[in-house]
Amino acid sequence: MKAIILGILIGGMTISAVYSQDNESKYGSDSVTCVMNNSLYYEFFMQWKQSKYKNTSWKDAYNPWRWVFINCPASTKNIYLHGEKLVEEKIKNSTDKTAKEKYIDTLMMVYDKRIKYFGNEGYVLGKKGSDLYKLRPSAYEEAYGILKKSISLEGNSSDGSVLIYYFRTAEKMVKEEKAEKVILVDIYDETSVIIEYNLNKYASEGNEKKVKNWENVKGNIEVSFEPYATCEDLISLYTVKFNETPDNIELLRKIVKILDKKDCTESDLFIQALEKLVSIEPETSASSTELLAKLYIKREQYDLATKYLQQAIGLQQDNNKRADDHYLLANVYFQQKKYSQARANCYDVLKIRPEDGKAYILIGDMY
């Protein structure tokens with residue numbers, strides 16, 4: 001060990017001799033000691049790593065690392081990459097509760113300084129928020145705020161585990177009555193977009209390992225969300241918001257998306273939100289107006305069904321789907337005993353699909 005330290009001292013003094021004054025801020029006011037302690041902790045850290053983190057070399061690494069962390073925090077990014085492991089080991093081996101809490105504070109400081117000196121804020125905040133919740137569950141509100149900011153910065157690049165802890169911190173807030181249930185619905189919607197993006201991305205790349213990882217993330221959040229995902233709960237949560245701001249386009253899209261995904265499409269809220277969305281965005285997709293028409297058919301409100309089927313036909317870009325809509329509209333007119341309109345729509349089907357047997361049968365039924 002003496003030989004290691006002597007070699008580091010000589011090397012440190014040699015290297016420091018070539019440092020210019022421009023490097024003073026990076027290596028602190030005492031560049032010789034900074035280089036020495038950087039080299040010293042690094043040597044012991046690598047011994048620990050080579051043992052697969054099983055030996056006790058981390059104990060020898062900790063104090064020189066701590067000196068570097070305090071006195072020349074901008075000298076190298078390794079301070080933070082290695083510091084996480086060293087401080088986590090301190091936390092793991094602390095039997096005194098007060099000391100353990102102090103080491104958790106130190107780990108949070110490691111993340112803050114890493115952001116300050118080396119950036120990548122969104123990614124680092126994800127690690128910070130996740131570790132804070134794991135190590136100090138009582139700080140769930142603080143962890144939630146950190147994770148929320150991380151995801152807002154990282155977006156589709158967010159780590160899957162960050163999404164899981166984001167949902168868990170919010171769930172804890174709901175259980176402790178610090179937040180309403182609707183927050184979980186919003187987070188489920190937000191994280192689902194990120195999950196689907198990554199599943200599609202890695203599937204297209206043929207990366208089965210990544211796809212499996214993201215499927216696990218999806219399953220984890222689905223299981224956590226399930227108790228809050230009943231139609232009754234979702235409708236109750238979103239009805240209040242809908243009544244407050246019925247023209248909020250983003251809210252309308254969210255209501256339609258969530259209720260559709262959870263198969264709550266026959267509810268009054270779903271129909272109201274979809275109808276409002278279609279009225280605000282008349283150029284919306286043909287599938288939305290077609291769905292609205294089908295829901296009104298189930299309710300035997302044929303005039304409204306007719307209105308939206310005609311709108312769907314006007315928006316439809318796919319000829320085959322347009323023929324389907326004409327056939328559906330023909331059936332609606334048939335139910336209303338409007339036979340001439342029904343027959344005309346059957347002929348519209350036949351213009352697109354001349355051998356469509358269903359259209360001929362419906363014409364025959366009319367006669």
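This is a predicted model: local features need pLDDT of at least 70, side-chain atom pairs count only at pLDDT 80 or more; totals for chains, interfaces and linings use all residues.
Good morning. A residue is called exposed when its relative accessible area is over 50%, and buried when that area is under 20%.

I begin with two loop residues. E300 sits in the loop between α15 and α16. Its relative accessible area is 58%, so E300 counts as exposed. The phi of E300 is positive, about 60°, although E300 is not a glycine. As background, most residues other than glycine have a negative phi. E177 also has a positive phi of about 60°, and E177 is not a glycine either. E177 lies in the loop between α9, residues 160-175, and α10. With 73% relative accessibility, E177 is exposed.

Next, helix α14. This helix covers residues 268-280, 13 residues in total. From first C-alpha to last, α14 reaches 18 Å, close to the 18 Å expected at 1.5 Å a residue. Which residues of α14 are buried? They are L269, F270, I271, A273, L274, L277 and V278. These buried residues pack against four helices: α12 (231-244), α13 (249-261), α15 (286-298) and α16 (302-315).

A search of the whole structure finds one cavity of 30 Å³ or more. The volume of the largest cavity is about 40 Å³. Which residues line the largest cavity? The lining consists of Y188, S192, I195, K218, I221, E222 and K261. Helices α10 (182-205) and α11 (208-225) each contribute at least two residues to that lining. By class, the lining holds three nonpolar residues, one polar residue and three charged residues. Thank you.

Key:
Residues are numbered from 1 along each chain as its sequence is written. Side-chain values use heavy atoms; hydrogens and water are left out. On a 1 Å grid over the protein atoms alone, a cavity is a set of points where a 1.4 Å probe fits but cannot get out, and a pocket is an open set with protein on both sides within 12 Å along at least five of seven lines; lining residues have an atom within 4 Å of a point. Grid points are joined across faces, edges and corners, and a volume is the space filled by probe spheres set on the points. Ala, Val, Leu, Ile, Met, Phe, Trp, Tyr, Cys and Pro count as nonpolar, Asp, Glu, Lys and Arg as charged, and the others, Gly among them, as polar. The expected span of a helix is 1.5 Å times one less than its number of residues. Buried means under 20% relative accessible area, exposed over 50%, partly exposed in between (1.4 Å probe, protein chains only). Contact means heavy atoms within 4.5 Å.
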